[in-house]
Each structure stands twice: as C-alpha cells, then as structure tokens.
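Please look over this structure with me.

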Amino acid sequence: MAAVQVSLPLPVLPQGWSEEKDFKPIGQLSSATQRNIEPVGPHFLAHARRKRHHRTFSEDERIQAQENVKRVEDDDAGDISEPEDPLMLQRDAKDWKGQDHYAVLGLSKYRYKATESQIKRAHRKKVLRHHPDKKAAAGSSEDDSFFKCIQKATEILLDPVKRRQFDSVDEAAGVEPPSKKQAQKQGFFKSWSPVFEAEGRFSKDQPVPKLGDDNSTKEEVEEFYNFWYNFDSWRSFEYQDEDVPDDNENRDQKRHVERKNNNARKKKKTEDTARLRALVDTCMQGDERIKRFKKEQQAGKNKKRLEREAAEKKEKEDKIKAAEEQERLRKEAEEAAKAERAEGKKAKEAAKNAVKKNKRVLKGSVKDANYLVPAGEEAGAKRVDDVLNDVEAVMAKIEPEEMALLASKLNGLKVADEVGSIWGDEIKRLVDAGKIEDGDTKVLGK
Amino acid sequence: MTVVIDGGLAEGEVNAIGISFGNSNSSIAYTTGEGKAEVIANEEGDRQIPSFLSYIEGEEYHGTQAKSQLVRNSNNTVAYFRDYLGQDLDSIDPTPCHASAHPQKHESTVAFSIQDTEPETQNVVTVSEITTRHIRRLASSASDFLGKKVNAAVISVPTNFSEAQREALTKASKAAGVDVLQMISEPTAAVLAYDARPEAEVKDKMIVVADLGGTRSDIAVIASRGGMYSILSTSHDYETAGAQLDQILVDHFAKEFMKKHKTDPRQNAKSLAKLKLEAEATKKALSLGGNASLSVESLADGVDFASTINRTRYELLAGKMFGAFTRLIEDAVKKADLDVLDIDEVILSGGTSHTPRISTNLQRLFPPSTRILSPSTLPTAIDPSSLSARGAAIQASLIQEFEKEDIEQSTHPMVTVTPHLRNAIGVLVVSEDVKKGLFTALVERETAVPCRRAGVFAVPREGGNVIIKVCEGIRDIKITKKEKAKTNGKADSDSDSDDDQEEEDEEVKEKVWKVGTVLAEAAIRDVKKGGKVEVTVNVGVDLGVQITAREVGGKGGVRGNLDKPRSTENGSA
C-alpha cells in the first residue's frame with residue numbers, strides 16, 4: 001500500500017515537551033473483532049503464506065477458530081414461530097380482507113412493529129412449510145388456499161402503502177382503553193400506558209411522548225396531553241372500502257361507489273379523531289397528576305394571595321403607625337413650641353418688667369437726683385423735660401442688659417453728681433459704641 | 001453430443017476455470033495468459049447460460065434451448081435447482097419451480113420426476129445428479145472453447161451456502177469430472193473481478209456488493225483492506241429479484257391483452273410460460289433502450305399478441321419494486337453498523353443490475369462520493385452478470401498450481417479468522433489538542449491485523465519541531481438540520497409549497513472523526529523548512545503497535561512500541 005499523502009501540517013511541538021527518546025507511549029488499542037477474511041485474491045494468499053509458515057492445523061483448532069468468529073449470516077430467526085390456528089389454515093384466500101395478515105405469517109406479537117426483514121423471513125418460513133408441492137409430497141390434497149393467504153399477506157405487508165392501510169384498521173394491534181374500575185384496579189399508568197403506546201403507532205411524528213409516571217414533571221405531562229390533543233395521524237380507512245367494480249363495467253356505478261367510499265373514509269376519519277379526543281379526555285379526567293398539579297397551582301395561587309394580603313395589611317399598619325408617629329412628633333413639637341413660646345412670653349414679660357423696672361429706676365434716678373441740677377437749685381420744667389427726654393433717648397437705644405446694669409448702678413443713688421457722672425459715663429460709652437450721637441442728649445453727659 | 005477432448009493434458013495437470021453457478025443463470029470464465037479474466041460463450045454463443053436442463057425423448061437440452069422448453073415441455077424441464085442442492089424438501093422453497101418440474105422428496109434429498117431417458121418412463125433424478133449434468137455441460141463448453149480438457153474449477157456460491165450444500169456441490173462437481181479447487185462467495189468474487197483489473201490500485205475501501213439475481217438478491221458489505229476482504233454483513237431476499245420484475249411486465253401485458261380479448265393469459269400455464277419468456281426478453285431490452293416490444297404468437301385462444309412499452313412506463317409500474325431493492329441495500333449497510341456515508345463503492349452484480357433505474361436510485365441513496373459500479377452509471381464497469389465468474393476464474397488461476405492440501409490449509413479458519421481493528425488509527429494534524437486537531441486516518445477500522453500503513457505528513461511552513469500524536473479515531477455521523485429558506489412570493493403553485501415543507505427538515509449528514517484513545521506521542525525535532533515527516537504504524541497480530549516516524553530524507557527518527565491490550569475480546573456471536 002502506498003503511503004497516504006497528507007498536506008495539512010503536523011502540529012508544532014509544545015514548549016517543554018520532552019521524553020526519553022522522543023517517544024511517549026500512552027494508550028493501547030481497543031480490543032479487536034474476530035472476523036473471517038475471505039480466502040480470495042492474491043493479497044490473501046500472501047497473508048495465508050505468512051501466517052501458515054508451513055504449519056498444519058488440526059480439526060480441533062479449526063473448530064475453535066470458527067467459534068470465535070463474529071456472525072454475519074442471520075440465523076433462521078426463532079423469534080417468528082407461533083403455533084398455527086387450525087381454523088386459520090382453513091381460510092379462503094378470496095376473503096383476504098378479513099384475514100389477519102400478521103397472524104397468517106406468525107407475526108401477531110409484532111404487528112406494526114415487525115420489520116421488513118422479519119416479514120420476509122416469516123414469509124419464507126411459511127412458504128417452506130405450506131407450499132402446495134410439499135403438501136402433495138406429504139400425500140394430502142392439493143389445497144393451496146392457505147398458501148394463497150400467505151402470499152396475499154406478504155404482498156400487503158411488504159408494500160408500505162398497503163401495509164399502512166391494513167395497520168390502520170388492524171383492530172388486534174389496538175388496546176382498548178380501560179374502564180374506570182380497571183384503571184383503579186390495575187393502576188392508572190399501567191392500564192393507560194399500553195393504550196397510548198398502541199395509539200402512538202398512527203402518529204406521523206415519532207417518537208411519541210410517553211404517559212410517564214407519578215414522578216413526571218408538569219412540563220412532561222403538559223407536553224403529553226398537548227401532543228395527544230394535536231395528534232397528527234396517518235390512519236386512513238381505504239382498507240374498508242367497498243370493492244370498486246371493474247373499470248370496464250358501468251362507469252356511473254363505479255363513480256358512485258368511489259364517491260361512497262370517499263365519504264365513508266372521511267366519516268370514519270372524523271369518527272376516529274373524535275374517538276381519540278374522547279379517549280384522551282377520559283384519560284385526563286382520571287389522571288391524578290393533573291389534579292395534583294391543579295391543587296399545587298391553586299395552593300401556589302392562594303399562597304400568593306395570602307402573601308399579598310399580608311403584605312398589604314402590613315403596609316397599611318405601617319402607614320398608620322407612621323402617621324401616628326408623625327402625629328405624635330408633630331404634637332410634641334407643637335407642645336414644645338407652645339411651652340417655649342410660653343416661656344418666651346414669661347421671659348419677655350419678665351424682661352419687660354425688668355425693663356420697666358429699670359426704666360423706672362432710670363427715670364427715678366434722675367428724679368431722685370433732682371434732675372441733675374446742682375444742689376439747692378429748683379429744676380425748671382424745661383430742665384425736667386430735657387433730662388427726661390435724654391433718659392428716654394438713652395433708654396430707647398440701650399439694650400435691656402445694659403439697662404439693667406445701668407439701673408443697678410443707679411439704684412439707691414440720690415446724689416445728683418454721682419447720678420450725673422454715671423449717666424455721663426453711660427452716654428459716653430454709648431457714643432463710643434456708636435449707638436447714640438453726641439447731640440442726642442441735651443443735658444445728660446454734659 | 002458432448003465432445004470430450006482428452007489430449008493436451010498431462011497427468012496431474014490442472015486446468016481450472018471459474019464457474020458462477022447461479023440459480024437462474026450460470027457462466028464460465030477463464031484467465032488469459034496476461035491474467036485477464038474472460039467469459040466463455042457456449043456453443044449457442046451465450047455468456048449467460050440459463051441453469052436449465054430439459055429432456056425430450058431422451059435428448060438432453062441445456063441452457064437457452066432448455067429454457068424455451070418451459071412452454072411445451074415444462075414437466076420435463078428442470079430449473080432453479082441450485083438452492084435445492086444438499087437440502088431436504090422441508091427446507092426448500094419450491095415457488096420458482098412452479099412452471100417447471102416440481103421438486104419432490106427423495107430419501108433425504110430433493111429430486112425431480114422427469115422422463116429423461118425415453119418418453120413415458122418417469123425417472124426420479126436427484127438434484128445432485130441434475131447438478132452434475134449441468135456442470136458437465138458447462139465444463140464441456142469450456143473445454144471446447146479452450147481446446148484443453150477442463151478438470152478443475154473455482155465455483156462461486158452465495159454467502160449463506162451451508163456446509164452441507166458445499167459438500168453436495170463438491171460431490172456433484174466431482175462426478176462431472178470437475179474438481180472444485182475452492183468455493184468462494186459471490187460478492188467477494190465480484191470485488192476480486194474489479195480489483196484484478198490491471199488499472200485497479202490497492203486501496204482501503206468499504207464496498208457494498210449487491211448481487212441482484214433472477215430469484216434472489218444477496219447484499220454483502222465488505223471491508224476491503226489492502227486487498228484483503230472481510231464480510232461485515234449480508235442480507236438475502238427471495239422476494240426482491242428479477243422474477244418479480246418479470247411478473248410486473250407479465251401483469252401489465254396480460255391486462256392489456258385482456259382489454260382486447262377478454263381472456264387472461266395467466267390462467268393458462270402455456271400462455272403464461274410464453275408471456276413470461278417474452279417479458280423477460282422485454283425487460284432486458286428495456287435496460288438497454290428506451291422502448292421495447294413484446295410479441296407472442298398465439299398467446300391465448302390462438303390470438304397473436306404484440307405490444308410495446310417504454311422505459312418510463314416500466315419504471316412507473318415497477319417503482320415499488322425498485323424501492324424495495326434500494327431499501328434492501330440500505331438495510332444491509334445498517335446491519336453492518338455503518339452509514340451510507342461510509343460506503344466508498346457499490347458494486348452491482350447479477351443480471352438484474354443492468355436495470356438503469358436501480359443504479360440511479362442508488363446514486364440518490366449514497367453520497368456523490370460513492371462510486372456506483374454498474375453499466376448505466378459507469379462506462380468502464382464490468383458486465384454485472386459475469387462478475388462472479390470472472391472473480392472465480394481469477395482465483396482459479398491463482399491457486400491452480402497449488403497442491404490440494406495447500407489450498408485446504410490456506411483456507412483453514414486458523415488462517416482466515418483474524419482480529420480486525422475496531423477503531424481507526426491515525427494522526428492528529430493542525431493542532432495537537434484532542435478537541436481541535438483534525439484526525440487523519442492511517443489504518444481504517446475493520447482492517448485485519450497484522451497490518452502496516454504509512455503516511456507522509458507536511459510540517460508547518462517554517463519547519464521546526466513537530467509532535468506526532470497517534471490516536472484511535474471513532475467515526476461519527478454528524479447530523480445538522482438545515483433550514484431551507486422559504487421561497488415566499490411565488491404563489492404560482494401549491495406543489496411548490498409542498499416541496500418546501502418537505503425540504504424544511506432536510507438533514508445534512510456528515511462523516512466526522514471523534515478522537516478516541518490517545519495511543520502515543522512522538523516528537524521530531526528540527527524539521528527543515530518545507531520538509532515532510534513519514535509516519536508508519538505497524539499493528540501486530542497481538543494488537544501490539546509499533547510506530548515509526550522520521551523526516552523524509554533525514555536520518556534517525558523516532559521509534560516506539562505499544563503493548564498489546566490485556567485481552568482480546570471475541571466477536572459477539
């Protein structure tokens with residue numbers, strides 16, 4: 001064999017790869033299959049020469065070698081043998097529409113599941129047994145009616161179109177839906193699963209979802225019922241057609257029969273669809289899972305509602321609480337303000353009183369000092385007015401505290417000089433502080 | 001009648017031919033001096049010799065002449081007897097012999113009751129005796145043609161021919177003076193016939209041989225590895241064959257006749273036999289031309305019948321049957337755990353393979369890379385009817401010099417039973433990462449060990465150090481769904497939209513390699529710019545592996561061994 005030429009490049013050696021002698025064994029080959037090489041051709045003869053090395057092999061070795069070889073030829077399958085019903089053997093091939101083709105071939109346990117090669121092998125097996133020539137050899141009459149039945153069955157089952165038509169009306173392959181009692185007795189899943197498995201053979205979409213069991217998820221169950229409610233069936237009812245008369249007979253009659261057949265097919269198809277729907281309905285009614293899911297959903301919904309309500313309630317309460325708190329705070333603040341105000345009033349009044357008192361002291365002081373006229377002199381009305389005006393002017397400008405201070409200084413003093421100097425000091429301070437002008441006072445402080 | 005040439009054959013000299021002994025037809029072939037297989041025509045010029053024998057007043061007729069006796073002398077005509085050889089009546093299907101001498105029980109074998117010596121005397125002739133007579137006639141035709149007495153042959157038989165059948169055939173053949181050197185299976189013979197052509201090169205390939213005959217079809221999937229063949233699967237079908245195609249034409253013409261004449265020619269055995277013979281000829285003509293005629297004199301009630309049919313009509317009528325052929329082949333491929341993508345070649349063998357429609361259907365089933373070897377798809381294809389005879393002739397020329405014991409020893413199971421690799425062995429290219437690298441197979445799966453394969457690999461452009469990662473490859477079929485763009489707007493016909501719907505779910509299948517066990521790593525350092533690396537994988541009979549890698553033209557290189565696996569598993573029986 002010539003070497004294969006590969007134009008794609010080999011990968012670059014990764015950094016740091018190193019191995020003794022640059023070779024690193026890692027794995028081993030998978031086990032091999034023992035097969036026969038065909039003892040044919042020049043290459044085989046070369047192989048045989050190499051292998052033999054002038055050795056001779058005994059019969060024993062031969063058997064051993066042969067035993068290990070992987071089989072490529074089929075055995076005559078033992079799986080397609082069924083006892084033959086003597087009544088079936090009496091059948092007339094003319095009545096082929098009524099015959100169970102699978103039973104005739106001994107495939108009744110496979111039915112629609114039988115593969116083409118199974119049918120072929122079954123047919124061969126039956127032919128080997130029932131061929132009329134063999135019956136003649138066995139000495140019985142040359143009755144070949146059952147052989148014809150076999151041929152008809154094979155003809156139908158090996159034709160994909162005809163086989164579908166037969167499978168469509170193959171009652172024996174269907175499974176009756178269980179009654180309520182049965183379903184209770186056997187358990188829902190055990191009694192319904194085979195029904196759907198059998199119905200599933202009509203589905204255009206394969207594979208068909210399974211009924212599942214108690215542990216199926218909600219999605220699986222929903223998918224299952226959705227599938228069955230939207231079932232796409234290839235089932236048809238041509239097989240039950242009335243025979244259309246031969247084309248060289250009355251044409252009108254032929255068309256009439258054809259029309260009738262067509263209508264019958266349509267009707268049956270509709271009925272079948274309705275039947276299936278009803279079946280799925282019944283199944284769904286009895287399906288505990290659906291009830292459970294509903295309950296769970298309900299429970300879920302209730303839970304949500306309760307949660308929501310609780311939340312609402314809490315919110316309300318919170319709101320009320322917050323309002324109350326606010327109210328309380330407001331009230332407190334109000335009260336505090338009130339108290340403060342009251343306090344302020346008192347203080348003000350007190351201050352006022354003090355001011356009044358001080359004013360009285362101030363006024364009194366000048367009055368007591370005889371309006372600051374030197375001793376022995378009588379104070380004229382003008383002098384009294386001027387002094388009192390000055391006192392008023394000072395009092396208007398002066399702060400209550402200063403007034404209090406001033407009053408405390410003046411309190412008890414009756415000597416005109418002393419009172420006059422205090423007033424003078426006071427006015428001077430005020431003038432210095434810029435609170436009154438120098439000319440504001442006419443008498444005091446001069 | 002039979003001319004026996006005694007001369008020209010020294011004591012002990014073996015003059016062997018290849019015989020394809022079919023249920024419907026047989027053919028004989030020899031190998032020329034240049035090693036080319038040629039089919040021998042008999043005295044009547046037939047290369048396809050019907051496996052029929054007929055007796056009229058003690059005269060023996062063979063081949064085409066015998067076949068034509070089906071009409072007038074059906075009770076004394078023996079046909080389709082090959083499969084009965086070495087069987088008892090309980091295990092045979094007598095259906096094909098419906099229109100000829102019927103098989104009956106005789107001791108533990110099958111026999112026919114015919115008047116083969118003189119009229120009015122019924123003799124019971126066993127199937128072995130019939131076979132002997134048939135082979136004698138074939139051998140004498142070959143002897144006449146070659147001018148030397150033929151005394152040995154390689155005979156091709158179906159893959160499911162039992163030991164008892166082989167033994168019976170050997171005996172029957174021996175009685176005819178023909179030593180059976182070896183019996184080889186029909187599909188292998190067909191492969192050998194193609195591989196022995198001088199222009200053929202030895203390659204590893206997966207072959208489907210579809211032997212579509214007259215009464216049965218046999219499919220075999222064969223792994224051809226370095227010129228050695230291993231059958232991976234077979235399937236046999238007795239309901240899908242040429243006879244069924246004939247029946248379609250018979251029914252068609254019978255109906256046509258009935259329209260005109262109100263008699264069903266199929267009800268009368270003689271009429272049916274006439275119609276059958278003509279229908280077969282018409283079928284053959286339809287394989288060659290677009291039109292064919294059928295004419296039967298005095299078909300029924302003394303009325304002559306002539307009609308024509310074109311190929312389109314025929315293909316329409318037989319469409320279902322053609323589909324069955326395709327399914328049968330697909331089934332055999334599946335049975336071998338393969339996909340149609342794995343198949344490199346389809347060899348159509350047997351007379352029915354001439355039908356063009358079957359080949360075109362297969363072209364559709366297999367990917368375009370698969371070669372369909374049939375006369376209608378490949379001009380250089382060998383005549384499918386003669387494939388197994390040619391293969392047998394080649395084998396005969398290879399072993400006719402051998403001692404008898406030598407042949408026996410060579411075909412001994414100790415020699416033929418060999419471990420076959422379960423997975424391919426190859427090298428990763430582009431990247432050494434198991435996920436990114438591309439697997440390039442050196443040794444394909446199902447290769448018999450010991451074996452040795454080599455590959456020459458390129459290196460990165462700038463040269464340097466490269467790693468050779470040898471691993472097992474597992475073939476995987478990747479299915480990607482291809483969404484067909486909907487052709488909107490064109491509202492011209494409903495059928496268009498229907499087509500679209502079908503195509504929407506079109507799946508594109510692709511053959512990809514998955515990397516299995518990594519077997520070994522090796523490094524080649526400092527490869528020259530533009531250099532090449534040769535990797536050789538040598539698998540021993542115990543599944544030990546020897547890997548050698550070296551730069552082409554360079555010195556040294558790397559060599560390493562892998563241990564054999566702990567235990568070799570036997571094939572699942």
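**Labels and their grounds**

Q: Which residues is A:Ile26 in contact with, neighbours within four places in sequence aside?
A: A:Ile26 is in contact with B:Val518, B:Leu519, B:Ala520, B:Glu521 and B:Leu562, leaving aside neighbours within four places in sequence. Contact here means heavy atoms within 4.5 Å. This is a predicted model; local features need pLDDT of at least 70, side-chain atom pairs count only at pLDDT 80 or more, and totals for chains, interfaces and linings use all residues. Residues are numbered from 1 along each chain as its sequence is written, chains are lettered from A and ligands numbered from 1 in the order written, and side-chain values use heavy atoms, with hydrogens and water left out.

Q: Where is A:Ile26 placed, and what makes A:Ile26 partly exposed?
A: A:Ile26 sits in the loop between β2 and β3 (33–36) of chain A. Its relative accessible area is 43%. Buried means under 20%, exposed over 50%, and partly exposed in between (1.4 Å probe, protein chains only). A:Ile26 therefore counts as partly exposed. A:Lys345 is 319 residues away in sequence and 103 Å away in space, C-alpha to C-alpha.

Q: How many helices and strands does chain A have?
A: Chain A has 16 helices and 3 strands. Both are DSSP runs numbered from the N terminus: helices are H or I with at least four residues, strands E with at least two. Of the 446 residues of chain A, 35% count as buried. Among chain A contacts between residues at least 6 apart in sequence, 68% join residues at least 24 apart.

Q: Why are α7(A) and α8(A) called roughly perpendicular?
A: Helix α7 (residues 145–158) and helix α8 (residues 160–168) of chain A pack at about 100 degrees, their axes 5 Å apart. Axes are lines fitted to C-alpha atoms, for helices over the stretch in contact, and angles run from 0 to 180 degrees between N-to-C directions. Under 35 degrees is roughly parallel, over 145 roughly antiparallel, 65 to 115 roughly perpendicular, and the rest oblique. So α7(A) and α8(A) are roughly perpendicular.

Q: Which residues make the contact of α7(A) with α8(A)?
A: α7(A) brings A:Glu155, A:Ile156, A:Leu157 and A:Leu158, while α8(A) brings A:Pro160, A:Lys162, A:Arg163 and A:Phe166. By class there are 5 nonpolar, no polar and 3 charged residues. Ala, Val, Leu, Ile, Met, Phe, Trp, Tyr, Cys and Pro count as nonpolar; Asp, Glu, Lys and Arg as charged; the others, Gly among them, as polar.

Q: What makes A:Asp272 and A:Arg275 a salt bridge?
A: Their side chains meet at 2.9 Å, N to O. The rule asks for a side-chain nitrogen of Lys or Arg within 4 Å of a carboxyl oxygen of Asp or Glu. The two lie 3 residues apart in helix α12 (residues 251–286) of chain A, about one helical turn. A:Asp272 is buried at 10% relative accessible area; A:Arg275 is partly exposed at 33%.

Q: How do you know that A:Lys291 and A:Glu288 form a salt bridge?
A: Their closest N and O atoms are 4.0 Å apart. They too are 3 residues apart, in helix α13 (residues 288–368) of chain A. A:Lys291 is partly exposed at 45% relative accessibility.

Q: Why does the pair B:Arg453 and B:Asp204 tie together parts that are apart in sequence?
A: The two side chains form a salt bridge at 3.0 Å, N to O. B:Arg453 lies in strand β23 (residues 451–458) of chain B and B:Asp204 in the loop between α4 (186–195) and β13 (205–212), so the pair ties together parts 249 residues apart in sequence. B:Arg453 is buried at 8%, and B:Asp204 is buried at 18%.

Q: How many salt bridges does the rule give over all chains?
A: The count comes to 51. B:Arg82, B:Asp83, B:Glu186, B:Arg216 and B:Asp218 are linked in a network of salt bridges.

Q: How do you know that β5(B) and β6(B) pair?
A: 4 bridges join strand β5 (residues 52–56) of chain B to β6(B), antiparallel. Two strands pair if DSSP finds at least two bridges between them. B:Tyr55 stands opposite B:Glu60. The two strands form a hairpin with 2 residues between them, and B:Glu57 in the turn has a positive phi of about 50 degrees.
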